[in-house]
Amino acid sequence: MKHYEVEILDAKTREKLCFLDKVEPHATIAEIKNLFTKTHPQWYPARQSLRLDPKGKSLKDEDVLQKLPVGTTATLYFRDLGAQISWVTVFLTEYAGPLFIYLLFYFRVPFIYGHKYDFTSSRHTVVHLACICHSFHYVKRLLETLFVHRFSHGTMPLRNIFKNCTYYWGFAAWMAYYINHPLYTPPTYGAQQVKLALAIFVICQLGNFSIHMALRDLRPAGECLQGAGGQLGWVRGSDFLFLPCLPGSKTRKIPYPTKNPFTWLFLLVSCPNYTYEVGSWIGFAIMTQCLPVALFSLVGFTQMTIWAKGKHRSYLKEFRDYPPLRMPIIPFLL
Amino acid sequence: MGEWGIVPSSVVLTSFQVMSRVFLIWAVTHSVKEVQTEDSVLLFVIAWTITEIIRYSFYTFSLLNHLPYLIKWARYTLFIVLYPMGVSGELLTIYAALPFVRQAGLYSISLPNKYNFSFDYYAFLILIMISYIPIFPQLYFHMIHQRRKVLSHTEEHKKFE
């Protein structure tokens with residue numbers, strides 16, 4: 001068996017950073033990254049981007065050396081992706097914040113509203129309902145992060161946690177301030193409006209959860225995928241969450257409706273989880289009749305549409321027989 | 001012009017500048033009549049006018065492939081004075097508008113209202129003024145960096161002529 005030699009150069013300066021000899025032909029990029037870390041411990045594998053061309057795309061961890069278009073002496077270019085943080089950490093932090101922050105406003109902790117309102121309780125039922133809904137939503141997200149989702153990639157750049165937390169925590173505080181304000185005005189159409197909106201919210205929460213579970217059951221245990229973009233990646237079938245992502249077959253499956261009626265939305269959209277998520281927030285906005293909530297829904301919708309379009313495009317690229325009726329996020333429209 | 005690929009300016013930086021100018025003109029100077037006689041308005045109008053005359057001459061001549069060195073020099077040098085001049089005019093104008101905004105409750109909405117929303121334009125203007133602190137140095141030093149790149153590049157070219 002012929003061994004390979006691998007030299008790793010800095011993509012910007014072309015400086016020779018590392019030379020590996022006697023590399024097995026069937027070694028993966030992941031294994032090469034591990035070897036590289038030995039000589040440069042500050043660049044742990046999650047931070048490394050290795051490519052065949054200094055300006056080219058990053059090679060994937062599962063790529064096998066032998067299968068790359070290289071001679072027996074392979075030249076790889078290295079780019080530092082910067083400090084990385086695990087997806088799980090980011091998600092837990094960005095979701096725990098709104099849960100906690102909203103409650104500070106709900107309980108009217110001192111220094112938010114006038115002192116005469118400290119620790120008082122709203123006399124409007126809808127305000128208590130809103131607190132339950134908002135809290136439920138983020139508890140659901142935290143539990144899904146821990147027990148349902150499986151994140152391909154594993155890490156993201158550290159600066160994302162600041163950006164993401166600012167978004168989630170900032171909006172949570174802004175919404176919570178008005179809903180729990182002593183001068184809050186309940187919805188114009190009263191209990192009718194609240195009931196309808198609550199129904200929309202609950203249905204969409206169930207729908208969103210159903211989709212997450214359906215995605216999780218799509219693939220047999222032990223496989224993993226590279227997600228597109230920065231959104232929630234595919235969910236693994238395994239019940240063990242923290243198994244390392246095993247390289248293996250990259251076969252994806254097209255998601256289809258299951259017996260659960262909530263999953264029937266797959267007939268019409270590629271990313272029904274996002275559809276249901278927007279629906280939940282629209283429900284919450286109608287329920288609280290609060291403009292900041294509507295604005296938050298709009299911003300979230302914009303971002304999720306971008307993600308949905310990306311996912312939809314990658315489905316179309318990957319599957320010749322992808323159902324033509326499906327739209328990315330809104331049935332028939334978007 | 002950057003977004004149509006006609007000139008090589010960054011869309012983000014240019015949009016920023018355009019938005020800030022539109023804001024100063026419409027949301028401050030036009031909206032608060034009392035500041036229209038302030039000297040600070042004259043200050044930023046002069047700064048912007050001179051800047052734009054030079055900038056667009058620069059773009060025009062560049063597109064015609066006949067750029068006199070004087071115009072290039074002016075574009076990448078005069079900003080050193082014009083930029084702080086413009087920023088001073090802008091900040092002083094916003095500052096002058098504050099009491100009138102407060103008094104008239106301009107563009108502000110308070111609780112209670114049926115959309116459960118509030119906006120204090122006075123506080124917003126103060127936030128805008130504060131935002132100049134991180135933003136202005138970045139833009140200014142970006143231009144200084146560009147100046148070094150562009151004017152030294154010309155020096156080298158001149159050697160081969």
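Trainee: At which residues of chain A does UniProt place the feature "transmembrane region"?

Mentor: Please keep in mind that this is a predicted model, in which local features need pLDDT of at least 70 and side-chain atom pairs count only at pLDDT 80 or more, while totals for chains, interfaces and linings use all residues. Residues are numbered from 1 along each chain as its sequence is written, chains are lettered from A and ligands numbered from 1 in the order in which they are written, and side-chain values use heavy atoms, with hydrogens and water left out. UniProt positions are given in the numbering used here, feature names are shortened, and annotations may be inferred rather than shown by experiment. For chain A, an unreviewed UniProt entry places the feature at residues 85-107, 166-184, 196-215 and 282-307.

Trainee: What percentage of residues 85-107 of chain A is helix?

Mentor: Helices (H or I, at least four residues) and strands (E, at least two) are DSSP runs, numbered from the N terminus. Residues 85-107 of chain A are 87% helix and 9% strand, with end C-alpha atoms 33 Å apart. For residues 166-184 of chain A the values are 74% helix and 0% strand, and the ends are 25 Å apart.

Trainee: Where does UniProt place the feature "transmembrane region" in chain B?

Mentor: The unreviewed entry gives residues 7-29, 41-64, 76-101 and 121-141 of chain B. Among them, residues 41-64 are 96% helix, with end C-alpha atoms 34 Å apart. Residues 121-141 of chain B are 100% helix, and their end C-alpha atoms lie 30 Å apart.

Trainee: Are A:Lys140 and A:Glu144 buried or exposed?

Mentor: Buried means under 20% relative accessible area, exposed over 50%, and partly exposed in between (1.4 Å probe, protein chains only). A:Lys140 has a relative accessible area of 8%, so A:Lys140 is buried. A:Glu144 is buried because its value is 3%.

Trainee: With which residue does A:Arg141 form a salt bridge?

Mentor: The partner is A:Glu277, with the closest N and O atoms 2.7 Å apart. This pair links distant parts of the chain, from helix α3 to helix α6 (residues 272-288) of chain A, 136 residues apart. Both A:Arg141 and A:Glu277 are buried.

Trainee: Why does the span of α6(A) agree with its number of residues?

Mentor: The expected span of a helix is 1.5 Å times one less than its number of residues. The 17 residues of α6(A) should span 24 Å, and the end C-alpha atoms are 24 Å apart, so the two agree. This helix is mostly covered, with 15 of its 17 residues buried. Just after α6(A), A:Gln289 takes a positive phi of about 45°.

Trainee: Which residues of chain B are linked in a network of salt bridges?

Mentor: The network links B:Arg21, B:Glu52 and B:Arg55. Between B:Glu52 and B:Arg55, the closest N and O atoms are 2.9 Å apart. These two residues lie three residues apart in helix α2 (residues 39-63) of chain B.

How values were computed: A salt bridge is a side-chain nitrogen of Lys or Arg within 4 Å of a carboxyl oxygen of Asp or Glu.
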